[in-house]
Amino acid sequence: MRVPMNHLSIAALATLLLHIFPLALSFTPPHRGACRLFLDTADTSEWESLLPSGMFYGVTCNPTLLERANEPCTVANLHKLASKALLYTDEFMCQSWGSTADELYQTGMAISDYDRERVVIKVPVTATGAEAASKLTKAGVRICFTACYDKKQALIAASSGVEYIAPYLGRMTDNGKDGYDECRKMQSIVDGLGSGTRILVASLRDADTITQLAQEGLDTFTFNPDVARQLFDEPLTDNAAEEFEEAAARGGMPVSRMKCSFVTEAVPIATKPLLSQSSG
């Protein structure tokens, strides 16, 4: 016997699923546009702190970041990390390893096997890396060339047809180059060639550089948690938010005393104890 589903029972089911699987699917905001921001860390405590903001398209990491976070650089552990990152985001980007093109290919295939649509494999933009990237791309693996230090390497990425190339802006500057200008010229190169390769600017040390590059037309960035928090660092906004809360407290009801009609009215009585236990 089929039981008809009315709006009340559908709402109840949706509420129940949200309590049981609160972050089961990532969500891309409809007005994000071309912007893609990535959080550059393998520290999962930072993921838990920053990814719920909803501003990040994905997470990036590499063997160095794994080591800093005391995370094993193994395929099995990267699959575990991917499962966590993809609860909050659309992409998990991690680096392959190996001394030959075949080793890079085999490792990349094993890592991306977790989810070929949402796991992106990073390989160094070297001759060996390009060979591995070509094989991985033919196998349906998404690729980011990494460790980019010169605008000419954008030609390699565009002609190889990879999805991303990651120039290290800060490190280029540390080594006597104009990292900012190199990134601008890389964007001009891929635009001029009509390539869909994204310039994923990495090694960013401050939020101001991101905003300046965004004004130049670059739209894809990865940065560490400290830089992420700089984006929210505005005392005038904090003061205004505090004033709003104080006004609300003077003229309204505390949030703790509010009753959500959707939950209390839509959820069948039999499910309320389950929801109460899961939220407590």
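1. With 5 of its 5 residues (36–40) buried, β1 is largely enclosed by the rest of the structure.

2. A word on the basis of this note. This is a predicted model, where local features need pLDDT of at least 70, side-chain atom pairs count only at pLDDT 80 or more, and totals for chains, interfaces and linings use all residues. Residues are numbered from 1 along each chain as its sequence is written, and side-chain values use heavy atoms, leaving out hydrogens and water. Helices (H or I, at least four residues) and strands (E, at least two) are DSSP runs, numbered from the N terminus.

3. Now for the overall fold. 8 strands close into a barrel, in the order β1-β2-β3-β4-β5-β6-β7-β8, with parallel pairing; two strands pair if DSSP finds at least two bridges between them. From one strand to the next, the twist averages 25° (axes are lines fitted to C-alpha atoms, for helices over the stretch in contact, and angles run from 0 to 180 degrees between N-to-C directions). Helix α7 (residues 153–160) packs on the sheet, where it touches β5 (142–148) and β6 (164–167), and its direction makes about 170° with that of β5. Contact means heavy atoms within 4.5 Å.

4. What are the partners of β1? β1 pairs with β8 in the parallel sense over 4 bridges, and Leu-37 has Phe-221 as its bridge partner in β8. Strand β2 (residues 58–60) also runs parallel to β1, joined by 3 bridges, and there Leu-39 stands opposite Val-59. Between β1 and β2 the chain passes through helix α2 (residues 44–50), and this β-α-β crossover is right-handed: with the strands pointing away from the viewer, the path from the first strand over the helix to the second runs clockwise.

5. Strand β7 (residues 198–201) is joined to β8 (residues 220–223) by 2 bridges, and the two run parallel. Val-201 stands opposite Phe-221 in β8. Leaving aside neighbours within four places in sequence, the contacts of Val-201 include Pro-167, Leu-169, Cys-183 and Leu-213.

6. Which residues have the most contacts inside the largest nonpolar core? They are Phe-56, Phe-92, Ile-121, Val-201, Phe-221 and Phe-223, in a core of 52 residues. Helix α4 (residues 75–88) gives the most to this core, with 5 residues. Another core lies apart from it, with 8 residues, among them Met-93, Val-120, Tyr-164 and Ala-166. A nonpolar core is a set of buried Ala, Val, Leu, Ile, Met, Phe, Trp, Tyr and Cys residues joined through side-chain atoms within 4.5 Å.

7. Thr-60 lies in strand β2. Is Thr-60 buried or exposed? Thr-60 is buried, with a relative accessible area of 1%. Beyond four places in sequence, its contacts include Phe-38, Asp-40, Met-93, Lys-122 and Thr-222.

8. Ala-147, in strand β5, has a phi near 60°, a positive value in a residue other than glycine; Ala-147 is partly exposed, at 29% relative accessible area. Ser-203 has a positive phi near 55° and is found in the loop between β7 and α10 (207–215). Ser-203 is buried, with a relative accessible area of 18%.

Notes. Buried < 20%, exposed > 50% of the residue type's maximum accessible area, 1.4 Å probe, protein only.
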